[in-house]
Amino acid sequence: MLEALLAEDVAWLVGSKGHHNPEWAAVRHGSEPGRVTLGGRRVRVRRPRVRTADGAGELAVPSDQAFAATDLLGQLAVERMLAKLSTRRYPAGLEPVGSGVERAAAGTSRSAVWRRFVAPTEHALAELLAADLSALDLVALLIDGIGVAEHTWVVALGITLDGTKIPLALAEGATENATVPPDLLVGYGSGAWR
């Protein structure tokens with residue numbers, strides 16, 4: 001199916017195979033190895049190449065660009081990890097694509113999945129911590145902790161009049177004790193929140 005989509009895109013760019021038209025601005029230029037995203041994994045394919053008729057540069061094949069994108073892999077990794085699927089068991093949560101494709105696929109190792117999980121979560125955390133809080137109209141402050149492995153994470157949530165909870169600060173502590181919340185509040189007073 002992917003090969004048919006790629007062939008259709010190439011025909012749209014350069015015209016039908018075997019029918020030379022001097023008005024076309026692009027020509028076929030063979031193929032090269034590539035990878036696409038399929039069912040939560042990376043799969044090797046032969047991707048067609050298209051160049052401008054004057055040979056000045058390469059043109060993108062839209063289907064190739066869409067299937068080669070890896071954004072979806074990061075999103076899938078985050079969703080599955082948040083659903084408590086470990087990196088070791090990640091392949092068990094993928095769509096079935098056939099045994100031949102599964103054997104040849106890449107990007108499902110524990111380290112690859114972990115990298116795809118860490119990158120978007122680091123980005124989301126950086127955005128959260130950089131957000132401007134000055135426009136918030138808060139009516140309550142909630143401080144609570146949750147145990148993760150042998151650590152306690154304490155979060156400060158601001159609550160608006162309509163009940164929306166907005167994360168304000170996050171701190172790690174060995175236990176949920178009396179010293180962590182004051183540290184959060186002192187951080188707020190010094191402008192260290194977010």
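Student: Where is the place of arginine 42?

Tutor: The model is predicted, and local features need pLDDT of at least 70, side-chain atom pairs count only at pLDDT 80 or more, and totals for chains, interfaces and linings use all residues. Residues are numbered from 1 along each chain as its sequence is written, and side-chain values use heavy atoms, with hydrogens and water left out.

Arginine 42 has its place in strand β2, which covers residues 41-52. Strands (E, at least two residues) and helices (H or I, at least four) are DSSP runs, numbered from the N terminus.

The setting of the side chain comes next. Arginine 42 is buried and yet has no salt bridge. Buried stands for a relative accessible area under 20%, exposed for over 50%, and partly exposed for values in between, with a 1.4 Å probe and protein chains only. A salt bridge requires a side-chain nitrogen of Lys or Arg within 4 Å of a carboxyl oxygen of Asp or Glu. For arginine 42 the nearest side chain of opposite charge is aspartate 64, 8.1 Å away; Lys and Arg count as positive, Asp and Glu as negative, while His and the chain ends are not counted. The side chain of arginine 42 does, however, reach the backbone oxygen of alanine 68 at 3.0 Å. Beyond its neighbours within four places in sequence, arginine 42 is in contact (heavy atoms within 4.5 Å) with residues including Val36, Phe67, Ala68, Leu73 and Ala105.

Aspartate 64 forms a salt bridge with arginine 47, their closest N and O atoms being 2.7 Å apart. This pair links distant parts of the chain, for aspartate 64 is in helix α2 (residues 62-68) and arginine 47 is in strand β2, 17 residues apart. Both aspartate 64 and arginine 47 are buried. A further pair joins arginine 49 to glutamate 32, with the closest N and O atoms 3.9 Å apart. Here too distant parts of the chain are linked: arginine 49 is in strand β2 and glutamate 32 in strand β1, 17 residues apart. Arginine 49 is partly exposed, with a relative accessible area of 22%, and glutamate 32 is partly exposed at 26%. Glutamate 58 and arginine 51 also meet through their side chains in a salt bridge (3.9 Å, N to O), and glutamate 58 is partly exposed, with a relative accessible area of 35%. Glu32, Arg47, Arg49, Arg51, Glu58 and Asp64 are linked in a network of salt bridges. The whole structure holds five salt bridges.

In α5 the buried residues are Ala112, Val113, Arg116 and Phe117. Seen down the axis of α5, these residues fall within an arc of 140°, so they line one face of the helix; the arc is that of the directions from the helix axis to the C-beta atoms. An α-helix has 3.6 residues a turn, so residues three or four places apart point the same way. On the other side of α5, Arg115, Glu122 and Ala130 are exposed. The cover over the buried residues of α5 includes α3 (71-82).

Definitions and conventions: A polar contact is a pair of N or O atoms within 3.5 Å; within protein, one must be able to donate a hydrogen and the other to accept it, and residues adjacent in sequence count only if both atoms are side-chain atoms.
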